Amino acid sequence: MSWELGTASGLLLALVVVASLLSGGEAYGTGAPLSACTSQQPGHYGFTAQTSASPYSLTVSSSEYTPGQTLTVQITGGDFQGFLIQARKVGTTTAVGFFSSLPSGTKSNDCDNAVASGDNTATHSSTAAKRDLTLTWSAPENQAGQGTIEFVATVAQQKATYWMGITSAQLSEAASGDTTTHAQGTTRTQADQTTGGATGATPTGSSQTGSPMTIESSTPGSGATMATTFNLLLLAIPAFLAKLLM
């Protein structure tokens, strides 16, 4: 009887272990679980993060972010299967902003360690190989004032091999109107240059250079009038001499 109980207990324990492994594999295969939002620790039972330098890096399309606008972050460094990434306020685990237009093989998570609920986290949706994956991220205008941020990620080359704590360069927060202001400033500068180029020919400075141009244009006219008068005099001389000889 005791042998039977021992056997049953052993089988039950084996089933629990198998179920745990299967659930961990499933979580990995279809994306990071919500329980990994804050720690970014994969549920890969029996495996720990690599301690060597990560072969992966996060490249952001800008050195600053503007609330209400989008930018891209790219995971580079070779093939990988799984990942979990958030934009976080530097020095905290608080996620900010939202991911959008996610590419094939990825999905979003609504994590609770974020400023606002929504697509604040991106992860994989399959174990298909990925390389140089580009993600689109934006900081809503109603999340202005978050300060400097950075992207933080865990990237899994495969289930047993993954790196945690991969960070991008830090991004400072620009005022909502800064990008527009810069664009307008550039436009104004170009307009000023265009106006400046025309100045020598027409507007402000032309009041000084215009008079000589007017004089020069009138001088040839005066010369032409004098030439015509001289020609008429030459034609009149023979008639005048003929009258004198008569």
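Tutor: A disulfide is taken here as a pair of cysteine sulfur atoms within 2.5 Å. Please keep in mind that this is a predicted model. Cys37 and Cys111 form a disulfide, with 1.9 Å between their sulfur atoms, and the count by this rule comes to 1 disulfide.

Student: Which hand does the disulfide of Cys37 and Cys111 have?

Tutor: The disulfide is left-handed, because the torsion about the S-S bond of Cys37 and Cys111 is about -65°.

Student: And where do Cys37 and Cys111 lie?

Tutor: Cys37 is in the loop between helix 1 (2-29) and strand 1 (57-60), while Cys111 is in the loop between strand 6 (106-109) and strand 7 (121-124), so the pair ties together parts that are 74 residues apart in sequence.

Student: Are Cys37 and Cys111 buried or exposed?

Tutor: Both Cys37 and Cys111 are buried.

Student: OK, stepping back, how many helices and strands are there in the protein?

Tutor: The protein has 3 helices and 11 strands, and from the N terminus on its elements run α-β-β-β-β-β-β-β-β-β-β-β-α-α. Of its 246 residues, 29% count as buried. The protein exposes about 14200 Å², of which carbon and sulfur atoms supply 60%. As for contacts with a separation of 6 or more, residues 24 or more positions apart account for 67% of them.

Student: What is the strand order in the open sheet?

Tutor: The open sheet has 5 strands in the order 6-7-4-9-10, with antiparallel pairing. Strand 6 and strand 10 (161-167) stand at the edges with a single partner strand each, so one side of each is left without a neighbour in the sheet. Neighbouring strands of this sheet are turned by 15° against each other on average, with direction ignored.

Student: Switching to rings, how many aromatic pairs does the structure hold?

Tutor: The structure holds 6 aromatic pairs. In the pair of Tyr65 and Trp137, the ring centres are 5.9 Å apart and the planes stand at 75°, so the pair is edge-to-face. Tyr65 lies in strand 2 (residues 64-65) and Trp137 in strand 8 (residues 133-138), so this pair ties together parts that are 72 residues apart in sequence. Tyr65 is buried, with a relative accessible area of 2%, and Trp137 also counts as buried, at 0% relative accessibility.

Student: Which residues form the aromatic cluster?

Tutor: One aromatic cluster is formed by Tyr56, Phe80, Phe83 and Trp163.

Student: Last one: is Gly91 buried or exposed?

Tutor: Gly91 is exposed, since its relative accessible area is 79% and the cut-off for exposed is over 50%. Gly91 has its place in the loop between strand 4 (82-89) and strand 5 (98-100). From Gly91 to Ile149 the distance is 8.7 Å, C-alpha to C-alpha, although they are 58 residues apart in sequence.

Key
Residues numbered from 1 in each chain as written. Predicted model: local features only at pLDDT ≥ 70, side-chain atom pairs only at ≥ 80, totals over all residues. Heavy atoms only, no water. Helix = DSSP H or I, 4+ residues; strand = E, 2+ residues; numbered from the N terminus. Buried < 20%, exposed > 50% of the residue type's maximum accessible area, 1.4 Å probe, protein only. Contact = heavy atoms within 4.5 Å. Areas by Shrake-Rupley, 256 points an atom, 1.4 Å probe, with all protein chains shown as cover. Pairing = 2+ DSSP bridges. Axes fitted to C-alpha atoms, helices over the stretch in contact; angles between N-to-C directions. Phe/Tyr/Trp six-rings, centres within 6.5 Å; stacked < 30°, edge-to-face > 60°.
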